[in-house]
Amino acid sequence: SNNSTIIHVNVIENTSGMIQVSNSNLGIQFYPNPTTGNLNITTNTEQETQIEIVNTLGENLSTTKIKNQSLIDVSTLPNGVYFIKTMYGTQKFIKQ
């Protein structure tokens, strides 16, 4: 089913102006997308990773630090489009 699709986070230019090379050992995946309640987030690094949930206006709705695997509850968010921002880039998800 589409709910098990793994979304790979897009790598964006970092603040130093250097393009970060996509590396299979780095980054995050999350599912399901769209979601009705929880986002399962898995990181490919042992390092603590900061996850920001941002709306389409760029407003930060929550900041979470995770290691390896975590569950983020987005059930209280109104239905719509949101973004997960990490040091690896920004990826869209849909709450429905």
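This is a predicted model: local features need pLDDT of at least 70, side-chain atom pairs count only at pLDDT 80 or more; totals for chains, interfaces and linings use all residues.
Residues are numbered from 1 along each chain as its sequence is written, and side-chain values use heavy atoms, with hydrogens and water left out.

E4 and strand E5 (residues 60-66) run antiparallel and are joined by six bridges; strands here are DSSP runs of E with at least two residues, and helices are runs of H or I with at least four, numbered from the N terminus. The two strands form a hairpin with four residues between them, and glycine 58 in the turn has a positive phi of about 85°.

## The open sheet

On E7, lysine 85 is the residue that stands opposite glutamate 52, and four bridges join E4 to E7 in an antiparallel arrangement. Four strands form an open sheet in the order E5-E4-E7-E8, with antiparallel pairing (two strands pair if DSSP finds at least two bridges between them). E5 and strand E8 (89-95) are the edge strands, each pairing on one side only. From one strand to the next the twist averages 25°, where axes are lines fitted to C-alpha atoms and angles run from 0 to 180 degrees between N-to-C directions.

## Burial and the nonpolar core

Six of the seven residues of E4 are buried, so this strand is largely enclosed by the rest of the structure; buried means under 20% relative accessible area, exposed over 50%, and partly exposed in between, with a 1.4 Å probe and protein chains only.

The largest nonpolar core has 14 residues, of which Ile28, Phe30, Leu39, Ile41, Ile51, Ile84 and Phe93 touch the most other members. Two or more residues of this core come from each of strand E2 (28-31), strand E3 (38-43), strand E4 (49-55) and strand E7 (80-86). Such a core is a set of buried Ala, Val, Leu, Ile, Met, Phe, Trp, Tyr and Cys residues joined through side-chain atoms within 4.5 Å.

## The chain as a whole

The chain contains zero helices and eight strands. Of its 96 residues, 33% are buried. Among contacts (heavy atoms within 4.5 Å) with a separation of 6 or more, 49% are between residues 24 or more positions apart.
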